[in-house]
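Open the model in a viewer and keep a selection panel at hand. The stops below go from the ligand to the sheet and then to the helices on it.

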Amino acid sequence: MSAAGMFSLAGKTVVVTGGAKGIGFGISLAMARCGAQVVITGRSADALGHAQSQLEAEGAQVLAVQADLTRSDDTARVIEQALARFGRIDGWVNNAGSARAEDVGALIDIREDQWDRVVDLNLKWTFFAAQAAARAMKGGGAIVNITSRSASHANPRTGHYGAAKAGVENLTLTMAAEWGHLGIRVNAVAPGVVMTDELATTLNTEARIRHQTELVPLQRIGQPDDVGPLCACLVSDAAAWTSGAVIAVHGGSPVPMGYVSYMRQVNRHIGPMDAQRQE
Ligand SMILES: NC(=O)c1ccc[n+]([C@@H]2O[C@H](COP(=O)([O-])OP(=O)(O)OC[C@H]3O[C@@H](n4cnc5c(N)ncnc54)[C@H](OP(=O)(O)O)[C@@H]3O)[C@@H](O)[C@H]2O)c1
């Protein structure tokens, strides 16, 4: 099989939750470009309509289903409509998730209602979506859970979000173990900081962007297009023996202590390009 053939998703149907915006749209786009039939979900009808047009312009067959992940009957409807339109579900990317500004804060202050909204969306409903997807995948399939660098770090002000993502990474291991005999592979992709329209509302000054960039060895903040291709590979047959993996996509962070001052020194004395030429 050629390298291009290995990454083809032709004939496969892939559901991307929250697939109309941000990282989710980058994932939908990668699936479409690899030839998949794409099902996108989300709560905003406008965003779904806009994303559907963009994906169809890539030549993909697209089904957009307005659905709230925190309602199990909505998830059941996504599956029903996907099967009615395409007859099968081969891939499911659990991307929908977030911690809204009003739900974050120091652990000493966090309220039960804030905890419940963040942990329910990012852990409980993410798991039940994976369970529903696994039940619908006849003869095998691939589930990709989008977690976060936060899963393996301390997260001042978003501790409950990090704990929920860590929970998903742990569940990914058990789902992979329990569902392997069904031919279902389960992996997690853990992005670092990725610039989306939503993040741009808080990462909104040159100083903040510079500070974030300084922490990334590849010297830029991630873009939604940085995450999708890996997800497409994990859904494809190229990853036929990959399950129970948690793969970081974060430009090389976390950096060790001293990295930022080291890089400032490099830039001050010789400049990054000179350093490269000296090797
Ligand atoms: N951006 C980052 O730096 C970053 C870093 C690490 C991990 N992540 C993770 O990557 C994933 C995507 O994040 P993003 O930054 O692209 O976020 P985003 O731009 O805020 O998009 C979140 C997506 O999830 C959907 N969503 C949220 N709540 C939902 C619900 N109850 N039901 C259905 N859909 C829902 C949203 O659609 P609607 O609003 O239309 O429902 C939207 O499509 C999340 O799991 C996030 O935790 C992001």
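**Around the ligand**

Select helix α2 (residues 22-33), which with 3 residues contributes the most to the shell around the ligand. Helices (H or I, at least four residues) and strands (E, at least two) are DSSP runs, numbered from the N terminus. This is a predicted model, in which local features need pLDDT of at least 70 and side-chain atom pairs count only at pLDDT 80 or more, while totals for chains, interfaces and linings use all residues. Residue numbers start from 1 along each chain as its sequence is written.

Next, pick Gly18, Gly22, Arg43, Ser44 and Gly97, which come nearest of the 27 residues around the ligand (C-beta atom, placed from the backbone, within 6 Å of it). Coloured by class, the shell shows 11 nonpolar, 12 polar and 4 charged residues. Ala, Val, Leu, Ile, Met, Phe, Trp, Tyr, Cys and Pro count as nonpolar, Asp, Glu, Lys and Arg as charged, and the others, Gly among them, as polar.

**The sheet**

Show the strands: an open sheet of 7, paired in parallel, in the order β3-β2-β1-β4-β5-β6-β7. Strands pair if DSSP finds at least two bridges between them. At the edges, β3 (62-66) and β7 (246-249) each pair on one side only. Inside, β1 (residues 13-16) and β4 (residues 91-94) pair in the parallel sense over 3 bridges, and Val16 stands opposite Val93 in β4.

**Helices on the sheet**

Select α4 (residues 72-86), which packs on the sheet, touching β1, β2 (37-42) and β3 (contact: C-beta atoms, placed from the backbone, within 7 Å). Finally, α6 (residues 159-179) lies across β5 (141-146), β6 (184-191) and β7.

How values were computed. Contact = placed C-beta atoms within 7 Å. Axes fitted to C-alpha atoms, helices over the stretch in contact; angles between N-to-C directions.
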